[in-house]
Amino acid sequence: KEDRDKPIRRSYENKSIKKIYDEYLDAPGSEKAHHLLHTEYSSREKILIQ
């Protein structure tokens, strides 16, 4: 609802985001973009500090 009247509603329409891809990340979905923007999670044991 809040975004409805915003001039830029989608990240791929944002000039700043486009510039980052053009100058550094190559293209959306590129190997470089995927490597830098995606993360993986792994389960870790909780450590209780007493």
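## Exercise 1: A residue and its contacts

Leaving aside neighbours within four places in sequence, leucine 25 touches Ile20, Ser30, Lys32, Ala33, Leu36 and Leu37. Keep in mind that this is a predicted model.

**Task.** Decide whether leucine 25 is buried, partly exposed or exposed, and find which helix holds leucine 25.

**Solution.** 
- Step 1: Locate the residue. Leucine 25 belongs to helix H1, which covers residues 15–25.
- Step 2: Look up its relative accessible area, which is 5%.
- Step 3: Compare with the cut-off. Buried means under 20%, so leucine 25, at 5%, is buried.
- Step 4: Leucine 25 and histidine 38 are 13 residues apart along the chain, and their C-alpha atoms are separated by 13 Å.

## Exercise 2: The nonpolar patch

**Task.** Find which residues make the nonpolar surface patch, and which helix gives the largest share.

**Solution.** 
- Step 1: List the members. Ile17, Ile20, Tyr24, Leu36 and Leu37 form the patch, with an area of about 470 Å².
- Step 2: Assign them to helices. Both H1 and helix H2 (31–37) supply at least two residues each.
- Step 3: Pick the main contributor. H1 gives the largest share, with 3 residues.
- Step 4: Check one member. Isoleucine 17 sits in helix H1, and its relative accessibility of 31% makes it partly exposed.

## Exercise 3: A ring and a charge

**Task.** Say what lies over the face of tyrosine 24, and how many aromatic pairs there are.

**Solution.** 
- Step 1: Look above the ring. Lysine 32 lies over the face of tyrosine 24, 4.0 Å from the ring centre.
- Step 2: Count ring pairs. With centres required to lie within 6.5 Å, the count is 0 aromatic pairs.

## Exercise 4: Salt bridges

**Task.** Find how many salt bridges the structure holds, and describe the exposure of the residues that form them.

**Solution.** 
- Step 1: Get the total, which is 2 salt bridges.
- Step 2: Take the pair of glutamate 13 and arginine 10, whose side chains meet at 3.4 Å, N to O. Glutamate 13 is partly exposed at 31%, and arginine 10 is partly exposed at 38%.
- Step 3: Take the pair of lysine 19 and glutamate 23, which meet at 4.0 Å, N to O. Lysine 19 is partly exposed at 48%, whereas glutamate 23 is exposed at 60%.
- Step 4: Relate the second pair to its helix. Because lysine 19 and glutamate 23 are 4 residues apart in helix H1, about one helical turn separates them.

## Exercise 5: A backbone angle and a distance

**Solution.** 
- Step 1: Most residues other than glycine have a negative phi.
- Step 2: Check exposure. Exposed means over 50%, so aspartate 26, with a relative accessible area of 54%, is exposed.

**Task.** Decide whether lysine 15 is buried or exposed, and how far its C-alpha atom lies from that of serine 30.

**Solution.** 
- Step 1: Lysine 15 is part of helix H1.
- Step 2: Its relative accessibility is 70%, so lysine 15 counts as exposed.
- Step 3: The C-alpha atoms of lysine 15 and serine 30 are separated by 18 Å, with the two residues 15 apart along the chain.

Key. Residues are numbered from 1 along each chain as its sequence is written. This is a predicted model: local features need pLDDT of at least 70, side-chain atom pairs count only at pLDDT 80 or more; totals for chains, interfaces and linings use all residues. Side-chain values use heavy atoms; hydrogens and water are left out. Buried means under 20% relative accessible area, exposed over 50%, partly exposed in between (1.4 Å probe, protein chains only). Contact means heavy atoms within 4.5 Å. Patches are made of residues with over 30% relative accessible area and no salt bridge: like charges are joined within 9 Å, nonpolar side chains (Val, Leu, Ile, Met, Phe, Trp, Tyr) within 5 Å. Accessible areas come from the Shrake-Rupley method with a 1.4 Å probe; for residues, only the protein chains shown count as cover. Rings of Phe, Tyr and Trp (its six-membered ring) pair if their centres lie within 6.5 Å; planes under 30 degrees apart count as stacked, over 60 as edge-to-face and the rest as tilted. A charge sits over a ring if NZ of Lys or CZ of Arg is within 6 Å of the ring centre and within 35 degrees of the ring normal.
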